[in-house]
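Dear colleague,

Please read the account with the coordinates open beside it.

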Amino acid sequence: MPDPRTTPGGQSPAHTAILETESAHTSGVYPKRPLAIVRGQGARLWDADGREYIDCVGGQGAANLGHAHPAIVAAIAEQAQQLISCPEIFYNDRRADLLAALTAVAPAGLNRAFLCNSGAEAIEAAIKFARLSTGRTQIIAAMRGFHGRTLGALSASWEPKYRQPFEPLLPGFSHTPFNDLAALEQTIGPETAAVVLEIVQGEGGVRPADEAYLHGAQALCRERGALLIVDEVQTGFGRTGKLFACEHFGLEPDLLALAKSMAGGLPMGACLIGPRAGALERMSHGSTFGGNPLACAASLAALRVMQNERLPEHAAELGDYLFDRLRAIPSPFIREVRGLGLLVGIDLKMKVTPVLQALQNRGVLALPAGSTVLRLLPPLVITRDEIDLVVEAIAATLTSF
Ligand SMILES: Cc1ncc(COP(=O)(O)O)c(C=O)c1O
């Protein structure tokens, strides 16, 4: 039998068995690639046949610290032996440490946090807190925005094909064009509880917000008694070259949604709460797993790694380098390269799916963002040499069509 590692696309029986077992029992909601990933280290992944890949999927944003980071592995192992579960009816040492560390580095005023387990949960919390504290019901989001798939978060998300099968969604949600301050100004009214925005729209095609739009949205919210919810589920934890993308613009949101890389890859989310959000009543929200000591220990370790290894600065430097190199690729298929830090979108003049497959054959795993945008979300520990390999694979792929 030929060695599957040297046969393009060839897979061993053990590898095929993993795909077959998952396919037989999985929900069916994911468009899966026929590839079983079984190990990771830094910015590299390995499949079940030992083939190596450079990871530009980055756990869809959950792997900013790289795979199997020793500090995260040690923090998880140590805490697992101490205490894994501890609901928030009790206090806990790791949770206290994390709340102090997180609010110390958060944008100004965000002194409290509701801890949860995912990005959608962080958005759900933000929507509920905005309604509770303003006594208003309407939420304004942006066209092409993405905030998650639970019913509240989906009501704020834009993509019609995600929404339509589940309508009617929550009442009171509307969408205005992204980066259009005049449209926002016309829409915010006396019943607006909050405006929810991403600083760089990730799923919506890697589209950065304009500084004037963000500041204008913040000022309008303050003027008219609404709250500003910033969704940094994808842009947070160093991705854009700052610990939080808000820092690029000195934004001070009233509620900040975080998740993905917050706990070094373990499931965790948070809704950070500022003074304009007011006090929240007891029992108004909750989560069994939220703030569990295991995730808190991993998150504390992740924050320390971010700071000690200067990962946001590394993302800024390597992001600039990657942009320069991508913009120099002489391909008629590239419409635009855009993004911030190591959140990179290559808008193509062709469908992205065949490009993703061709890149995989060259040992690079990447993501789409819509039908024509190739999205790169590498772990922030990626090296310059690895970036060179990614650029060479993209250049070779785009000249092979
Ligand atoms: C900006 C943004 N908000 C919210 C979410 C939802 O996060 P989760 O998949 O953890 O529910 C995502 C996921 O991609 C996201 O990119």
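**The ligand and its shell**

The residues that form the shell around the ligand divide into 3 nonpolar, 5 polar and 4 charged. Please keep in mind throughout that this is a predicted model. The surrounding residues are Ser118, Gly119, Ala120, Phe146, His147, Gly148, Glu198, Glu203, Asp231, Val233, Gln234 and Lys260.

Aspartate 231, by contrast, faces a nitrogen atom of the ligand, with a polar side-chain atom at 2.7 Å. As for cover, the ligand taken alone exposes 390 Å², of which the protein buries 81%.

**The nonpolar cores**

The largest nonpolar core has 82 residues, and within it Leu326, Leu374, Leu376 and Ile394 touch the most other members. The element that gives the most to this core is helix α10 (residues 293-308), with 9 residues. Apart from this core there is a second, separate one of 27 residues, which includes Ile123, Ala125, Val233 and Ala257; Val233 is also among the residues that surround the ligand. In soluble globular proteins, nonpolar side chains tend to be buried together.

What does leucine 374 touch, once residues up to four places away in sequence are not counted? Its contacts are Val344, Gly345, Ile346, Leu348, Val352, Val355, Leu356, Leu359, Ala366, Leu367 and Ile394. Of these, Val355, Leu356 and Leu359 are buried residues of helix α12 (residues 353-361), along with Ala358 and Gln360. The cover over the buried residues of α12 includes β3, β14 (343-348), β15 (364-365), β16 (367-368), β17 (373-376) and α13 (384-399). An α-helix has 3.6 residues a turn, so residues three or four places apart point the same way. Just after α12, glycine 363 takes a positive phi of about 85°.

**Alanine 194**

Alanine 194 is found in strand β7 (residues 192-198) and counts as buried, at 0% relative accessibility. Not counting residues up to four places away in sequence, alanine 194 touches Ala130, Gln138, Ile139, Ile140, Ala226, Leu227 and Ile229.

**Two arginines**

Is arginine 51 buried or exposed? Arginine 51 lies in the loop between β2 (44-47) and β3 (52-55), yet its relative accessible area is 15%, and because the cut-off for buried is under 20%, arginine 51 counts as buried. A polar atom of its side chain lies 2.4 Å from the backbone oxygen of glycine 10.

Arginine 39, which is found in strand β1 (residues 37-41), counts as partly exposed at 47% relative accessibility. Leaving aside neighbours within four places in sequence, arginine 39 is in contact with Arg44, Leu45 and Trp46. Leucine 258 is 219 residues away from arginine 39 along the chain, and the C-alpha atoms of the two are separated by 26 Å.

**Backbone geometry to check**

Most residues other than glycine have a negative phi, and most peptide bonds are trans.

- A cis peptide bond joins glutamate 167 and proline 168, with omega at about 5°; proline 168 lies in the loop between α7 (160-163) and β6 (173-176).
- Asparagine 179, in the loop between β6 and α8 (181-187), has a positive phi of about 65° although it is not a glycine, and at 25% relative accessibility it counts as partly exposed.
- Phenylalanine 237 also has a positive phi, of about 60°, although it is not a glycine. Phenylalanine 237 lies in the loop between β10 (227-231) and β11 (255-258) and is buried, with a relative accessible area of 3%.

With best regards

How values were computed
Residues numbered from 1 in each chain as written. Predicted model: local features only at pLDDT ≥ 70, side-chain atom pairs only at ≥ 80, totals over all residues. Heavy atoms only, no water. Core = buried A, V, L, I, M, F, W, Y, C linked by side-chain atoms within 4.5 Å. Buried < 20%, exposed > 50% of the residue type's maximum accessible area, 1.4 Å probe, protein only. Helix = DSSP H or I, 4+ residues; strand = E, 2+ residues; numbered from the N terminus. Contact = heavy atoms within 4.5 Å. Near = heavy atom within 4 Å. Polar contact = N/O pair within 3.5 Å; in protein donor to acceptor, adjacent residues only side chain to side chain. Areas by Shrake-Rupley, 256 points an atom, 1.4 Å probe, with all protein chains shown as cover. Nonpolar A, V, L, I, M, F, W, Y, C, P; charged D, E, K, R; others polar.
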